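Student: Could you walk me through this model, starting with how its strands are laid out and then moving on to the helices, the core and the rings?

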Amino acid sequence: MIHLIFFLLSTYILSVTSLPTSSTKHNLPGRFVPYSQLSTCPSLPHKDPPKNAKDVRPDDFKVIMAMGDSITAGLLARGSRNDLVSSIQIQEAAATGMGIGIGVGIGTDKQYHFEIEGKEDYLRKIIPEIAEWRGLSYSIGSDDDSITIPNILKHYNRNVSGTSTGHHSPISCLGTGWDIGCSNHPKEDGLNAAISGSLSAGLMSQVKDYLIPQILELQLEDKDWKYVNLGIGANDVCAFCLTPNATAFPLSGTPKQFASNIKDAINELRKHVPNMIVNIIGLFKVSDIYELTMKDPYCQPPYIPIPNLALECSCALLPGPAGDFTRSKMDELGENYDLAVLEIIKEWEDENDPSFGAVWQPGTAIDLINYPPESLSKIDCFHPSELSHQRVATGFWNRLTLNMEEKYTPIPWEDDPSVRCLKADDRIQVGQVTEYLKRGIK
């Protein structure tokens, strides 16, 4: 979660550097167009509704759901430390005894406005809005100005429900990381059950307390195919980076327990939602945030001679030898989390359920170490910015119907994110993990 001290230390204006130009080569099969030219992708020929998960093409999806943590919730995707009004400005205004109007905008939306009328108000400051921008979330957002998987999908199928719009303050919960006693989601969240700060142990609550009641209320058609995006684990590796890699017992923080939490939540959802495909996102290298934030003053807090503060994930951001050790342990734990989840997917593949499929998208395809600092939130330099949500959305879409080897191809940083046009014979690649495990993990 965001700590107040971070904002108090971040009240200065940061200069925004220009984004680097990167290659548009994907080394992937198919035709690619800039997102701005998505309308030039040809329409697809009609196909009968699939009767088996292995015959699902993305345009067959009519409902989109999402589960996860602050990334899926779009926490801090917009907003900036530049939105602060300096104390010098306020003191000067107060010293004159004259009232002034101050408006601060984020993007095109004016978020704050107040007047200072005298010396008694000279200490009033504006801080960035701490919000979940769910309408910008790569996996489920559908704001008009956002580049997201649903907005790409709508080129092929306009009748998609469940998406998120708009933004609001983070949803509060009593049990930190466990999604216990959470406040209500606004209706604009759609079927985005993500909770900022959630651990994998909180997924069951997201299913039972939110998704299932929403699904019953919406009276979704059983015959319609549903797409579920599940991204979890960054908080787990931050919290449990020093947990022993025990495999015999499902202890908190171990790969076995992590995978079990995902399995239990998805199996509970399956009881209520037929015709469902779950896209499970693997762990990106959270430790890469340390190197990325060391490169540029974009993430430099004021008055402190270090590029970042280890407030949100000490395992990733500690300096010196101790940090080098915890980052290596994070990377090791993340790899073991991925392997444990792949084994769970293999179990599902062995069931050969025609109404259910689970597919894998390696989070390591997010080539964070080679992204610019602007890929991180301007507020905390930890969460992904709107720019990252855009590129992750196109990157995961482009790999959605490809094989396992192609999915591991790094997602490039492009000035204008490009989109792979669907082909008539494209299908969600259900059933590939078993064979892939036999050949060995990258």
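Tutor: Before the layout, a definition: two strands pair if DSSP finds at least two bridges between them, while the strands themselves (E, at least two residues) and the helices (H or I, at least four) are DSSP runs numbered from the N terminus. The model is predicted, so local features need pLDDT of at least 70 and side-chain atom pairs count only at pLDDT 80 or more, whereas totals for chains, interfaces and linings use all residues. Residues are numbered from 1 along each chain as its sequence is written, and side-chain values use heavy atoms, with hydrogens and water left out.

Student: Fine, so how many helices and strands are there in the protein?

Tutor: The protein has 13 helices and eight strands. Of its 442 residues, 56% are buried, where buried means under 20% relative accessible area, exposed means over 50% and partly exposed lies in between, with a 1.4 Å probe and protein chains only.

Student: Which strand does strand 6 join to strand 7's side, I mean, how many bridges join strand 6 to strand 7?

Tutor: Six bridges join strand 6 to strand 7 (residues 356–361), and the two run parallel; one of the pairings sets Val278 against Ala358 in strand 7. Strand 5 is also joined to strand 6 by six bridges, again in parallel, with Val278 as the bridge partner of Val228.

Student: And what about strand 2?

Tutor: Strand 2 is joined by seven bridges to strand 5 (residues 225–231), and those two run parallel as well; Ile64 stands opposite Tyr227 in strand 5.

Student: Why is strand 6 described as largely enclosed?

Tutor: Six of the six residues of strand 6 (residues 276–281) are buried, so the strand is largely enclosed by the rest of the structure. Both of its faces are covered, with Met276, Val278 and Ile280 buried on one side and Ile277, Asn279 and Ile281 buried on the other. Strand 2 (residues 61–68) has seven of its eight residues buried, so it too is largely enclosed by the rest of the structure.

Student: Switching to helices: where does helix 5 bend?

Tutor: Helix 5 bends by about 35 degrees at Leu211, and a proline, Pro213, follows within four residues; the bend at a residue is the angle between axes fitted to the seven residues ending there and the seven starting there.

Student: What length should it span, then?

Tutor: The expected span of a helix is 1.5 Å times one less than its number of residues, so the 16 residues of helix 5 (residues 203–218) should span 22 Å, and its end C-alpha atoms, at 21 Å apart, agree with that.

Student: What covers the buried residues of helix 5?

Tutor: The cover includes strand 2, strand 5 and helix 7 (255–270), and the residues of helix 5 that are buried include Leu203, Val207, Tyr210, Leu211 and Ile215.

Student: Now the core: which residues touch the most other members?

Tutor: In the largest nonpolar core, which has 100 residues, Met67, Leu269 and Val286 touch the most other members. Helix 10 (residues 320–351) gives the most to this core, with nine residues. A nonpolar core here is a set of buried Ala, Val, Leu, Ile, Met, Phe, Trp, Tyr and Cys residues joined through side-chain atoms within 4.5 Å.

Student: What is Val286 in contact with?

Tutor: With contact meaning heavy atoms within 4.5 Å, and leaving aside neighbours within four places in sequence, Val286 is in contact with Ala234, Val237, Cys238, Cys313, Ala316, Met330 and Phe382.

Student: Last topic, how many aromatic pairs does the structure hold?

Tutor: There are seven aromatic pairs, a pair being rings of Phe, Tyr and Trp (its six-membered ring) whose centres lie within 6.5 Å, with planes under 30 degrees apart counted as stacked, over 60 as edge-to-face and the rest as tilted. One of them, Tyr138 with Phe396, is edge-to-face, at 5.8 Å centre to centre and 70 degrees between the planes. Tyr138 lies in the loop between strand 4 (109–116) and helix 4 (149–153) and Phe396 in helix 11 (residues 386–399), so the pair ties together parts that are 258 residues apart in sequence.
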